[in-house]
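Dear colleague,

Please find the structure below, handed over for your own work.

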Amino acid sequence: MSFSSTQTIPEHGQVPGHLAIVMDGNGRWATRRLLPRTAGHLRGVQTVRRIVEACGELGVRYLTLFAFSSENWRRPPEEVSLLMGLFVKMLQKEVATLKKNGVRLHVIGELSAFSEELRGLIAQAEEQTRDNDTLHLTIAANYGGRWDILQATQKALAANPHLVDHPEQLDEAMFSPYLAMSYAPEPDLFIRTGGERRISNFLIWQMAYTELYFTDAYWPDFDRAQLEQAFEWYRGRERRFGRTSAQVQGSPAP
């Protein structure tokens with residue numbers, strides 16, 4: 001990880017450098033319109049396009065979207081199948097546009113649960129966009145924050161077997177590189193649409209000092225105006241990172 005907010009005070013500006021979003025409310029959006037839940041997911045893909053474009057224009061460097069949690073396998077099989085199909089179509093249709101617009105795609109999560117076709121498309125998309133650096137778009141798929149911490153611990157122990165006898169030597173500097181998002185700074189702002197007020201096992205290590213913003217808008221209705229409203233709210237937050245208000249107000253702007 002680029003830094004740890006529990007170890008140093010990160011730089012932050014008027015626009016979040018790293019934005020994380022739980023895209024909630026697709027199914028309820030559809031149900032309220034007497035449509036099948038699948039229609040909400042289809043509409044939600046259009047919102048993803050709009051928000052990715054807006055983030056690139058507004059200066060966000062890292063955008064992380066929670067597309068499919070490790071708990072989402074509990075949903076009806078037909079809905080899970082549709083979500084997997086949408087993922088495949090997105091990779092087939094959108095990668096060329098991402099590459100053209102300077103967007104680098106990352107996919108994090110336990111990918112072994114996906115089909116061979118989907119894993120292959122993910123690998124191709126990541127390879128085709130690896131040289132881009134305008135916006136880093138991360139899709140969290142079959143991801144869970146607890147899984148992330150556990151897999152990082154397992155990898156850290158495998159790479160440093162001496163830790164079994166000397167666990168006191170394990171610190172954040174040694175541990176962080178094994179987290180799924182070790183390439184990115186911690187999120188500055190978290191947005192959850194759909195009216196729920198929880199983070200739902202998303203980036204629970206990384207969001208120790210993230211500002212949390214919740215909106216009742218369903219994801220298919222979330223647009224650039226609402227994104228900018230969230231950014232305006234973020235600009236009004238006093239990010240102290242353990243300091244007092246007097247210390248923050250007396251410190252130079254980053």
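**Annotated residues and their surroundings**

Asn72 is located in the loop that runs between strand E2 (62-69) and helix H3 (77-100); helices (H or I, at least four residues) and strands (E, at least two) are DSSP runs, numbered from the N terminus. The model is a predicted one, in which local features need pLDDT of at least 70 and side-chain atom pairs count only at pLDDT 80 or more, while totals for chains, interfaces and linings use all residues. Residues are numbered from 1 along each chain as its sequence is written, and side-chain values use heavy atoms, with hydrogens and water left out.

Asn72 is buried, at 16% relative accessibility (buried: under 20% relative accessible area; exposed: over 50%; partly exposed: in between; 1.4 Å probe, protein chains only). Not counting residues up to four places away in sequence, Asn72 touches Ala67 and Val80, where contact means heavy atoms within 4.5 Å.

The "active site" annotation in the unreviewed UniProt entry covers Asp24 and Asn72; UniProt positions are given in the numbering used here, feature names are shortened, and annotations may be inferred rather than shown by experiment. The two residues span 49 residues in sequence, yet no two of their C-alpha atoms are more than 12.0 Å apart, so they gather at one spot.

Asp24 belongs to the loop between strand E1 (18-22) and helix H1 (26-32). Asp24 is also buried, with a relative accessible area of 14%. Leaving aside neighbours within four places in sequence, its contacts include Arg192, Thr193, Gly194 and Trp219. The side chains of Asp24 and Arg192 are joined by a polar contact of 3.0 Å (a pair of N or O atoms within 3.5 Å; within protein, one must be able to donate a hydrogen and the other to accept it, and residues adjacent in sequence count only if both atoms are side-chain atoms).

**The sheet**

Arg192 also stands opposite Phe214 in E6. Strand E5 (residues 189-192) and E6 pair in the parallel sense over 4 bridges; two strands pair if DSSP finds at least two bridges between them. These strands are part of an open sheet of 6 strands with parallel pairing, in the order E3-E4-E2-E1-E5-E6. Its edge strands, each pairing on one side only, are E3 (103-108) and E6 (211-214).
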